[in-house]
Structures are given as C-alpha cells and as structure tokens.
Amino acid sequence: MRRAFWTGLFSGALLMAPLLALQGLGARFLGTSFVPFDCFDWLARALPGRLVIFGIESLVQVLTALGMDLRVSAKPAEQLMALLIWPALGMVAGAVLFIFLRRRNGTHPYRLGLALAALIGIPATWVSLAVDRTATAGPVISGLWNLALFAAWGSLLALVYRRLVGGQPVPIGAEAQVAGYALEVLDRRRFLLRLGGAVAVVTVGGAVLSLAPRRLAAGSFATPGAGSSLRLPNAADPLKPAPGTRPEYTPVSQHYRIDIDTRPPRLDGQSWRLPITGLVEHPLSLSLEDLRHYPARQLFITLACISNPVGGPLIGTTRWTGVPLRRVLADAGLQPSARYARITSADGFHEVIAVDRVQSDERIMLTYAWDGAPLPAGHGYPLRVYIPDGYGMKQPKWITGIEIIDQDIPGYWVERGWDALAVMQTTSVIDTVAADHAFERGGGRLVPIGGIAHAGDRGISRVEVRVDQGPWVAAGLRSPLSPLTWVIWRYDWPFQAGEHNFTVRCVDGRGVAQIVTEAPSYPSGATGLHELKKRISG
Ligand SMILES: Nc1nc2c(c(=O)[nH]1)N[C@H]1C(S)=C(S)[C@@H](COP(=O)(O)O)O[C@H]1N2
Ligand SMILES: [Mo]
C-alpha cells in the first residue's frame, strides 16, 4: 500500500512535466490555448478578491526576501506558480488513483486512469477555451489537443501502475520465486530508466522549443522608443542626481508591469476599433489612425501601482502621447443624462470615470504611445487611458470600448475592496547613499544622498533627510520633467564613519506633509517613511 501511495504520488507529479511541455509546444506552434495559464487567470477571477490579494502580497514578500527585482520577477513568478499547480494536482491524483487501484487488486487500470484524466482534463480544457485570449487555433483544435494530452497522461499513469505496482504473477517454488523477483526488479529498473528518459527528453525539448523567441508581426509593438535621443526638459537644471539615483526617465523596457492575467492580451492594431457608445448623440467607432488625427498631446508622467510598498519598484516615468478624452467625447456629443464613462479592456478589466472630471481636465488622455513609440504589448497596445493623480488600478490598458452611462459602477479592483478613488499617496524614497562618491567642499567631506519624491499631480515642495536621530535637513530639489512626475532630490551629507540610519520625508506642492503612519498597500496605497541603514567606512 505504501509503495502504491508513493509511486502514485511521484509519477502523478512527474508525468505532468511532459504534459505541460507539450501544451506549451501546442500553444507555440499550433496556436492552441495554454491550459495552465488560462486556469490560473480564471482562478484569479473566481477566487474571493481578498484571497487573491493575499496571494499577490505573499508573492511580493517572498520575491523581495529573495532579493529579486519585482519589476522583472513578478510576472515570471506568477507564471511559475501557474505551472506548479499542475504537478501538485498530479501528485494528489496519482496517489489517489494508485491506492484505489491497489485496493481493487489492479483491475482496469487504463479505464480508471482515463476516467481520472477526464475528471481533471475536461473542466480544465473547458475553462481554457472559455477564458483564452491568446490562442490562434480554433476551439475544436485547442480542445482536442489538450484533451488528448490529458488522456495520454492518464494512460501513462495506468501503465506505470501496471509495471511498477501491479506486479507480475509470482512463480511458484522458493528458488524460482527468488529468481523471479530478481527478474522483476531488473524489469522495473529498465522500465523506470526508459520512462525517465522519455519524460526528460519530452519535457526539456518541449520547453526549449516552446520558449524559442517568436518573430513579432510587422509594424506592431517592438519599435524602439526615442528615450535615448530625447532631450529632457530639465536638462539644464544645475542639481545633478546623486550617483546611484534611479534614472529620471525610465527606459520603457524597465518600466514595471502589473496586470491581472499571466500574459498580456494581444490586439491587432489594424482591425482594432474604439466604439464610443451609450448616452451619446453620435456613436463612434474610431481606428488608431482616427485617434492619431486629433492634435497629439505629450505629457511626462509618473505611474505607480497601489500595491507598491514604500520604497518599492512598482513606479516609473515615461512620456505619454495621446488625445484628450474630452476632445473625443465632444465629437460623440454627450446626451444631457451622461454622467460616467465606463472604459472596458480586452482582458475583462474595467473602470469608470466621471464625465465632469473628463470635461474639466485636458490631461485625461487616451494614450497610444509611450516614449514616442506605439505602446508595447504589455503596456496596453493599442490604447490605454491616463488619469492624473490616481494609481494605475484606475487606468485601463488594452481599451476595447467606452460606454457613456448615467450611474457609477465600481471598477475591477474597487469591486475587490480597493480604494474607490485610489489617489496616489505622497511618498519619498532614498535610492542611494553614495559613500564611494564622497567629495571635498569647504574643508569638509560630503557624501551625496539622493532619491525620488512623488505626490500624484500635486507636486513636491520640500524633501527632508534625517541621519540617525539628528535634525531634519532640507534636501535640494531638481526641477521635475513635468508637474506629473516624481522629483529627484539630493542632500550632500557631512560625512561621518560608522553605521547610520537614513530617513526621508516630504511635503507635497499644496503644503500637505507625507503620511508618517505606516499602512500596507491594501486598500489605499502604502504610507510611512522610507529608511535605509548603511555602514560608511572611514
Ligand atoms: N486592462 C488592464 N488595465 C490595467 C491593468 C490590468 O490588469 N488590465 N492593471 C492596472 C494596474 S493595477 C496598474 S498599476 C497599471 C500598470 O500599468 P503598466 O503595466 O503599464 O505599468 O495598469 C492598470 N491597467
Ligand atoms: Mo496596480
């Protein structure tokens, strides 16, 4: 019984590896739906919001504890979780199947293996077909391919049972029994070797091939931006960032990315249209070309995620190009009862913004370019919206429609308990204490300390730094790229060797001080002061 249990456990999990690899291979070369990611995305929607947030926060904590860069590691980690669910499920399924078979003396292993595969495979394939947005093959091909793979998994499991647990009829007579046993062991070994080899080859081969880079469709999202050659508006500012301060203008490739799915939806910019419907005089259906015909507006913008911990990496600055939403709405003509614009996305994300606010704020902008190039696929191609002063959770990417309605409806994350306004918290961060760049001035040695401060569209009027329990000292401020971006600050500290605690705080442009009380990001964005401990040698 114990052998049945352990063999079932291991083989159930192990055989999931080639199954996943072949599913990946199908997704890559046949364009079939990818069951593990689809099921994960479905779970993220179906499970209670609180549980999902707990999952995300735990993941962030684990990655941070491991010293990983969240901007690049969060999505792969999520995808890894989506994959690892399957060996875990395979373990349970394998153990249950083998114990069950053992109890029934191994009758009908194939029938039961297939039944188990159906129990898992049919709902999983069904979910995959229902939520998938990346498959290019039809549902029949996707469905058959994935079901066939699950069936193969179930049959192989049955085969393993027969060869490793079920046992051959034992010859009669003591000597013959020993010989028979030795033969049986040999036979098992050979089977194990062959099976292990096949599993390894299929898994590694499938994984390598399915991860091979894909050539992007011409003219879509891979165009390089203008960032490197762009002359920034504050280039002449005499205050230079302390060495080690993050780049003031974030390269798009390093801009953080947060979205609800394991993979961004891929939209075709040629056939894409923006329908503007509901309480309008003339419903519109705009192409990307139509939007580019409006006078373009460019804004330097700092975007942050409400899940960003104090001092965290989920914040970035680039140049957004688009058309003010109110210009477009004016062409649609609002009916007198129009109150809210409901923006929907290809991934099922949605948010609502008050029409009054749109009318009074030119900066609310349908955005089609970042850093002078079409939005990258992961950042919302072909269209996203910008809404000043709010966290990213209020600002849909991959927009597929705008409907004008007469009542407020909670958006995707608001439905899940996050702050309905999600106004960006005022925050300040120490990026660097550049002990290696100490320099002489006025007879003393100074160590440059620097970082960023940000307060939505409210600006920053003051940043102060404290070393240990000393006084708060004002830092110098660099003029920002725009009133909507972070501000770079710098303080040249009269150097003292030893271990020190550095703390920063700031005041927004309206004179309101940063909140000192520590709060987690859920539900309204993290608050508290950023601190850094550093040993400075003499
Ligand atoms: N359609 C859609 N839009 C979305 C999201 C999403 O999951 N789907 N995530 C939001 C969140 S929570 C944030 S922080 C920003 C992140 O934008 P970025 O990934 O381009 O940095 O997009 C917002 N817009
Ligand atoms: Mo976010």
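Modeller: A word on names before we go in: helices, of type H or I with at least four residues, and strands, of type E with at least two, are DSSP runs numbered from the N terminus. With that numbering, His 108 is placed in the loop between α5 and α6 (109-131). His 108 has a phi near 55 degrees, a positive value in a residue other than glycine. Please keep in mind throughout that this is a predicted model.

Ligand 1 sits in the second largest pocket, whose volume is about 920 Å³. That pocket is lined by 45 residues, and Ile 56, Ile 258, Asp 259, Ile 260 and Trp 413 are the closest to its centre. The most comes from α4, which supplies 9 residues. By class, the pocket lining divides into 29 nonpolar, 8 polar and 8 charged residues.

Now for the ligand itself. There are 20 residues around ligand 1, and those that come nearest are Ile 260, Asp 347, His 379, Arg 384 and Lys 397. This shell is made up of 10 nonpolar, 5 polar and 5 charged residues. A polar backbone atom of Ile 260 is 2.8 Å from an oxygen atom of ligand 1. Tyr 256 also approaches through its backbone, with an N or O atom 2.8 Å from a ligand oxygen. His 255 uses its side chain instead: an N or O atom there is 3.4 Å from an oxygen atom of ligand 1. On its own, ligand 1 has 530 Å² of accessible area, and the protein covers 99% of this.

The peptide bond from Tyr 381 to Pro 382 is cis, with omega near 10 degrees. Pro 382 falls in the loop between β8 (373-374) and β9 (384-386). Another cis bond joins Tyr 522 to Pro 523, with omega near 5 degrees, and Pro 523 lies in the loop between β18 (498-508) and β19 (530-536).

The whole structure holds 2 cavities of 30 Å³ or more. The largest has a volume of about 160 Å³; of its 17 lining residues, Ala 304, Asn 308, Ile 315, Tyr 391 and Thr 427 are the closest to its centre. Strands β11 (427-433) and β13 (444-454) are the elements that give two or more residues to that lining. Its residues divide into 11 nonpolar, 6 polar and no charged.

The second largest cavity has a volume of about 70 Å³. Its lining consists of Asp 38, Asp 41, Val 131, Asp 132, Arg 133, Thr 134, Asp 261, Arg 263, Pro 264 and Pro 265. Here the classes come out as 3 nonpolar, 1 polar and 6 charged residues, whereas the lining of the largest cavity has no charged residues.

Technical notes:
Residues numbered from 1 in each chain as written. Chains lettered and ligands numbered in written order. Predicted model: local features only at pLDDT ≥ 70, side-chain atom pairs only at ≥ 80, totals over all residues. Heavy atoms only, no water. Near = heavy atom within 4 Å. Polar contact = N/O pair within 3.5 Å; in protein donor to acceptor, adjacent residues only side chain to side chain. Areas by Shrake-Rupley, 256 points an atom, 1.4 Å probe, with all protein chains shown as cover. 1 Å grid on protein atoms, 1.4 Å probe; cavity = no way out; pocket = protein on both sides within 12 Å on 5 of 7 lines; lining within 4 Å. Sits in = over half its atoms within 2 Å of the grid points. Nonpolar A, V, L, I, M, F, W, Y, C, P; charged D, E, K, R; others polar. Points joined across faces, edges and corners; volume = space filled by probe spheres on them.
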